[in-house]
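Dear colleague,

Please find below the structure that I am handing over to you. My notes on what was found follow it.

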Amino acid sequence: METNHKTKDLHISQWSAVVNAKCPRCRIGNAFQGPTYGFKSNKMNEFCPHCNLKFEREPGYFYVAMFVSYAFNVAQMITVSVAAYIFGLKLDYDNLWYFILILSLTTLLFSPFNYRYSRIALLFWLSPGLNYEPNRNK
Ligand SMILES: [Zn+2]
């Protein structure tokens with residue numbers, strides 16, 4: 001490949017790879033086919049288009065991502081509830097439906113985000129033996 005000498009010294013920060021949902025091994029290939037919020041969104045590539053890493057490392061691998069996603073969801077619900085309270089929504093029975101509505105919307109709004117980033121968090125931080133290999137190529 002002609003571009004090998006150029007990509008060789010390129011170091012991609014973990015943070016930018018995580019934010020852009022890149023492959024954890026090469027940090028170049030996209031893990032997902034589309035953007036987080038879009039019509040084609042949240043289809044995961046089976047293999048990294050750059051280094052050919054198989055993202056689903058074993059059968060049922062992404063099952064664990066559900067727990068990560070659940071943790072994200074709880075954190076977001078708590079944050080939104082506290083924010084609603086600070087902005088004047090008192091915690092009493094009359095406001096119950098407001099809270100339910102707000103929390104349902106929060107869950108709905110964040111679900112594509114949680115789906116994507118729970119998998120990314122799993123790949124980047126919860127998979128022993130899966131490390132950044134900057135010089136990895138096909
Ligand atoms: Zn890759």
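**Findings**

The secondary structure of the protein comprises four helices and zero strands, where helices (H or I, at least four residues) and strands (E, at least two) are DSSP runs numbered from the N terminus. This is a predicted model, in which local features need pLDDT of at least 70 and side-chain atom pairs count only at pLDDT 80 or more, while totals for chains, interfaces and linings use all residues. Residues are numbered from 1 along each chain as its sequence is written, and side-chain values use heavy atoms, with hydrogens and water left out.

A zinc ion is coordinated by the SG atoms of Cys23, Cys26, Cys48 and Cys51, at 2.2 to 2.3 Å. Donors here are N, O and S atoms within 2.8 Å of the metal (3.2 Å for Na, K and Ca); water is not among the atoms, so sites may look incomplete. Along the chain, the donors of the zinc ion have the spacing C-x2-C-x21-C-x2-C. Cys26 and Cys51 each lie in the loop between helix H2 (14-19) and helix H3 (65-86), so the pair ties together parts that are 25 residues apart in sequence. Both Cys26 and Cys51 are buried (under 20% relative accessible area, with exposed over 50% and partly exposed in between; 1.4 Å probe, protein chains only).

Of the 138 residues of the protein, 35% count as buried. The C-alpha trace spans about 65 × 30 × 30 Å along its principal axes.

Yours sincerely
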